[in-house]
Amino acid sequence: MKSPIIEAKNINFDYEGRSILNDASLEIYPGDFMAIIGPNGSGKSTLMKICTGLMKPRQGSVTLFGKDINKFKEWGRIGYIPQKATSFNQGFPATVEEVVKANLYSRVGLMGRVNKQHIEKVQEVLDLVGMLDFKDRLIGRLSGGQQQRVFIAKALVSSPEILFMDEPTTGIDANSEKDFYALMDDLNKEQNITIVMVTHDIGAVSKNISRVICLSRGKAHEHGCGVDMAGLNELYGHDVAPLIHNH
Amino acid sequence: MEMLQYDFMQRAFVAGILISIICPIIGTFVVLRRLSMIGDTLSHASLAGIAAGMLGNFYPLWGAMIFSVAAAIGVEKLRKNFSQYAELSISIVLSASIGLAVLMISLADSFNADLMSFLFGSIIAVTGRDIIIMAGTSIFIIVSVLLLYKELLYIAFDEEGAALAGIPTETLNIFFTVLTALTIVAAMRVVGILMISSMLVVPVAASMQISKSFKSTMINSVIFAFLAVVLGLTISYYFNLAPGGAIVVLSVVILLLVIGTKKYILKRIV
Ligand SMILES: Nc1ncnc2c1ncn2[C@@H]1O[C@H](COP(=O)(O)OP(=O)(O)OP(=O)(O)O)[C@@H](O)[C@H]1O
Ligand SMILES: [Mg+2]
């Protein structure tokens, strides 16, 4: 049996005394294509930020690649695209290439110089997401879907083994969404990148995803795929699932 | 070029050229992080330091350096208490600095020509010692920005992403604010405390109108600042004006010209 690459155990988290996560646990295995679902405000983004070290839990432990998160240093192995990644300052005068290059940090190190291989890596990931032709364009002058692709490239440039994405398909049209899931499939199957995404998009979930985690009342529950999913699907489609979920 | 026969003009030009490099490169990050007010805050802190120097009878630039660096650290420490309102911590330190400056000036009874030269900038007041300190400080600032260019760019664009990539953002934020404080101390002798903040912001604003990348934003802003400084110093020599005023007015004129030209060209194309 494979051991998990990311393990969050008995996580408790609260905002100003209001409990958000209550004894939530999550194990992510190499190769997983995981969806995290749950109603607005259930703590999906919070859980993701805790797994990536951006927030500290009040209680509980997080282990990344077998190391306690407080001792973990190899941040390049983890990619993260936050919710509303594309709501940055649209007037920021950086090109697509400059944005992607920024995330070479974990390869290059403090005060390190970017070399030819690094630049090739930048080209490679931009090509992978289909944005190479846009590399000299200002990031703020792209559409939301194109910016999304650039952010994926930015995350990929550090050669992560796992990619966390928080509602990556919000505001993307149906066609781009199809392309997006094709890209995710490619990353997962061909590049062997473990993928974890928060989504409300249950329809897409059932097609590509190997594991579904549902957050409710501060806990993380695993759903099987298949029969169980169909029921969940239907319920969620009616927008009532979050409330009457019978965990 | 007869003006360059004079030692004081040579010093003013050396100082001016350093200023036209350090102000825009620091200013680019300041503007993009939406911290434009920080220049005013740190320059008023250095005014308090200069008054302290006059009061305690020590070299005023040291006073300016100590006070503005202390204010810079104060801003960063306070920022944590108002995480969504960075500008609030800047305003608080600004108020404290102005109050302190006024107190020190009245205590030292030093509202004199010397102080005026710090407020408005001066060509003739730049001493050899000033130049050495300015040059040392400027080189430190330029080398720091070159070495930390990609880190500072990442933090300015996406602080959370930078932190996740492993960049020590807290330490670098403090370090950057200290660099800003040093920039102000290095530039204030020529440009003047009242106008230094504009030097951080206006050339960058002009550059952002036309630049097509982060790098070109920085390079173009240096070019604009250089033009404003060289022309401004020349004009203030011939017409006996305060150089800070001439330089800043010219920067604004350049900004307006850039905006005007851009509009004109857009109209012709569309
Ligand atoms: N900065 C904050 N201060 C106080 N409470 C917060 C803060 N951020 C989030 N919360 C609360 O924490 C809870 C969990 O937030 P979180 O963003 O993790 O939810 P989510 O599941 O990602 O929701 P969504 O589907 O809307 O993105 C919410 O109830 C929210 O009100
Ligand atoms: Mg969320």
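Is Gly38(A) buried or exposed? Gly38(A) is buried, with a relative accessible area of 0%, where buried means under 20% relative accessible area, exposed means over 50% and partly exposed is in between (1.4 Å probe, protein chains only). Keep in mind that this is a predicted model, in which local features need pLDDT of at least 70, side-chain atom pairs count only at pLDDT 80 or more, and totals for chains, interfaces and linings use all residues. Residues are numbered from 1 along each chain as its sequence is written, chains are lettered from A and ligands numbered from 1 in the order in which they are written, and side-chain values use heavy atoms, with hydrogens and water left out.

**Chain A overall**
- The secondary structure of chain A comes to 9 helices and 10 strands; helices (H or I, at least four residues) and strands (E, at least two) are DSSP runs, numbered from the N terminus.
- Chain A has 247 residues, and 50% of them are buried.
- Take the contacts in chain A between residues at least 6 apart in sequence: 69% of them join residues at least 24 apart (contact means heavy atoms within 4.5 Å).

**Around ligand 1**
- There are 14 residues around ligand 1, and Gly41(A), Lys44(A), Ser45(A), Thr46(A) and Gln83(A) come nearest; a residue is near a molecule or strand if one of its heavy atoms lies within 4 Å of it.
- By class, that shell has 3 nonpolar, 8 polar and 3 charged residues. Ala, Val, Leu, Ile, Met, Phe, Trp, Tyr, Cys and Pro count as nonpolar, Asp, Glu, Lys and Arg as charged, and the others, Gly among them, as polar.
- Strand 2 (18–28) and helix 1 (44–51) of chain A each supply at least two shell residues, and helix 1 gives the most, with 3 residues.
- On the oxygen side, an N or O atom in the side chain of Ser45(A) is 2.7 Å from an oxygen atom of ligand 1, and a backbone N or O atom of Gly41(A) lies 2.9 Å from an oxygen atom of ligand 1.
- A polar side-chain atom of Tyr15(A) sits 3.3 Å from a nitrogen atom of ligand 1.
- Taken alone, ligand 1 exposes 630 Å², and the protein buries 66% of that.

**Gly38(A) and strand 9**
- Gly38(A) lies in the loop between strand 3 (33–37) and helix 1 of chain A.
- Strand 3 runs parallel to strand 9 of chain A, joined by 4 bridges (two strands pair if DSSP finds at least two bridges between them). Here Ile36(A) stands opposite Ile213(A).
- Strand 9 (residues 211–216) of chain A is mostly covered, with 6 of its 6 residues buried.
- Arg211(A), Ile213(A) and Leu215(A) point one way from strand 9, while Val212(A), Cys214(A) and Ser216(A) point the other way.
- Strand 9 also runs antiparallel to strand 10 (residues 219–223) of chain A, through 5 bridges, and Ile213(A) stands opposite Glu222(A) there.

**Another sheet in chain A**
- An open sheet of 4 strands has the order 2-1-4-5, with antiparallel pairing. Its edge strands are strand 2 and strand 5 (67–68), each pairing on one side only.

Definitions and conventions: A polar contact is a pair of N or O atoms within 3.5 Å; within protein, one must be able to donate a hydrogen and the other to accept it, and residues adjacent in sequence count only if both atoms are side-chain atoms. Accessible areas come from the Shrake-Rupley method with a 1.4 Å probe; for residues, only the protein chains shown count as cover.
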